[in-house]
Amino acid sequence: MTNNEEANLEERVMRAGLDAYELSAEDLEVLEGKEAAREAGFPVLAIIGRPNVGKSSIINRIVGRRVAVVQDEPGVTRDRVYYEAEWNDKRFTVVDTGGWENNARGIDESVANQAEIAMHSADAILLVLDATVGVTNTDEALVKIVRRANVPVIVAANKVDSEAQEADAAYLWSLGLGEPHPVSALHGRGSGELLDVIVKALPEKSAVASARPQGGPRRIALVGRPNVGKSSLLNQLAGENRVVVDNLAGTTRDPVDEVIELDGKPWVFVDTAGIRRRVHQTTGADYYSSLRTRGAIENAELGLVLIDATEPLSEQDIRVMQQVIDAGRALVIVCNKWDEVDEERRLQLEDELDVELVQMQWAQRVNLSAKTGWHTNRLTRAMETALDSWDQRITTGKLNAFLGETVAAHPHPVRGGKQPRILFGTQVSNRPPRFVLFASGFLEHGYRRFLENRLREEFGFEGSPIEISVRVRERRGKKS
């Protein structure tokens, strides 16, 4: 019996065993390979409102978990502004456009920018107001702008903690934006009803979120914090000065698409603005740049993350890498200015990368000098390896043969007298590789990490994130 025949036999045995478990219609679609690949085209809901009206609490209620920092202080900054949410089987993207540190001089401009971004980058807008305070001057400025929106606007009257306060929410009818929806994000009151309204307002297919790129030259996003050498690298690869290069951090504001031929093959490079410390601390043009950078990553297939080898690895560097991973893109880490560091610093940086990127050891890494061109010829191989991994599909037979061997050699630890078993696995999509495992019980995070590491050892996946989701199913006839 050949290896393929053995793998197919293992798949049939495990699949037959799965028939003894309760399966949903969605489970059956996954098993039949009918689940569509996840794309970046989910409808987009932008949440706007002045500081301290409870936007973070609203976001946490919508997403279903604590993802946004909540403090009783206006303008609290957060690391991420995009979150995936789901309600009644409808998936959508939540965008938090708030959090500027408004000042007296720039308040009108900031409010206008916030609302304009929301109107142009969303399929619907959720305007959050504090029902206990009423409508402030800042709220009025926002209302004037969103009235001109050509997308649905939903008004959330937050901090309505009891029935007695609903009169405060009713007052907001006077804004002319339709029915205000009373909600207490802190206590959850009215959040289900608000979500029903949101998903009804969102279209089936987004008009603003582009699907992941298909066909044509591979698209590469050059990303990193300001002044790490992104424009210098682009110029070096292009062989001419096409991008303004200045020692002043943040010279680049608009993404610049360049088609460059490397090793006889065309590539599309997008040079983005430097990512700041926190997206929410930026204002005006810098805020637009941060959003454009995120868009560049979404529209690319691979993120080429530059770091400055002469400086210690920073939290900002790691955040940029995580942004690429969160977007589900292939990843290559470029240590720039390698020619400017001595042996001691090189060893120090290697230690920093090993410690700080312990969960990203799979990323391709290239040490080079954008200024002199030293080792830039190594980029092509690293990018091709990462993209091949990103595109890779494992047959269901091979995957289940691998799972059978792995689980037999390293079973899940017994917890509370029970030992969950992996019943069956399938790769539902690639770009990035996404696996669904059916199991008889909850698989701990550490064991999922172990399975990911073993998948990488067996099948490669260098340079690509892997997504593993687990569906816990009970035997037929068993009461929960």
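Glu-315 and Arg-319 sit four residues apart in helix α10 (residues 315–326), so about one helical turn separates them. Their side chains meet in a salt bridge, with N to O at 2.7 Å; the term means a side-chain nitrogen of Lys or Arg within 4 Å of a carboxyl oxygen of Asp or Glu. Please keep in mind that this is a predicted model, in which local features need pLDDT of at least 70 and side-chain atom pairs count only at pLDDT 80 or more, while totals for chains, interfaces and linings use all residues. Residues are numbered from 1 along each chain as its sequence is written, and side-chain values use heavy atoms, leaving out hydrogens and water.

**The chain as a whole**

- The protein chain has 14 helices and 15 strands; helices (H or I, at least four residues) and strands (E, at least two) are DSSP runs, numbered from the N terminus.
- Of the 480 residues in the protein chain, 52% are buried; buried means under 20% relative accessible area, exposed over 50%, and partly exposed in between (1.4 Å probe, protein chains only).
- Accessible areas come from the Shrake-Rupley method with a 1.4 Å probe, and for residues only the protein chains shown count as cover.
- Among contacts in the protein chain with a separation of 6 or more, 73% are between residues 24 or more positions apart; a contact is a pair with heavy atoms within 4.5 Å.

**Helix α10**

- Within the opening pair, Glu-315 counts as exposed at 51% relative accessibility, whereas Arg-319 is buried, with a relative accessible area of 16%.
- Asp-317 also has its place in helix α10, and it counts as buried at 3% relative accessibility.
- Leaving aside residues up to four places away in sequence, Asp-317 touches Arg-225, Ile-307 and Pro-312.

**Salt bridges across the chain**

- The structure holds 19 salt bridges.
- One of them joins Lys-159 to Asp-130, with the closest N and O atoms 3.2 Å apart. Lys-159 lies in the loop between β5 (153–158) and α6 (166–170) and Asp-130 in strand β4 (residues 124–130), so this pair ties together parts that are 29 residues apart in sequence.
- Lys-159 is partly exposed, with a relative accessible area of 27%, while Asp-130 counts as buried at 5% relative accessibility.
- Glu-444 forms a salt bridge with Arg-415, the closest N and O atoms being 2.7 Å apart. This pair links distant parts of the chain, 29 residues apart: Glu-444 is in the loop between β14 (434–439) and α14, and Arg-415 is in the loop between α13 (396–409) and β13 (422–429).
- Glu-444 is partly exposed, with a relative accessible area of 24%, and Arg-415 also counts as partly exposed, at 47% relative accessibility.
- A network of salt bridges links Arg-218, Glu-301, Asp-391 and Arg-431.

**A patch of negative charge**

- On the surface, Glu-5, Glu-6, Glu-405 and Glu-458 gather in a patch of negative charge.
- Patches are made of residues with over 30% relative accessible area and no salt bridge, with like charges joined within 9 Å and nonpolar side chains (Val, Leu, Ile, Met, Phe, Trp, Tyr) within 5 Å.
- Glu-458, one of the patch residues, is found in helix α14 (residues 445–459) and counts as partly exposed at 47% relative accessibility.

Key. Lys, Arg positive; Asp, Glu negative; His and termini not counted. Charge placed at Lys NZ, Arg CZ, Asp CG, Glu CD.
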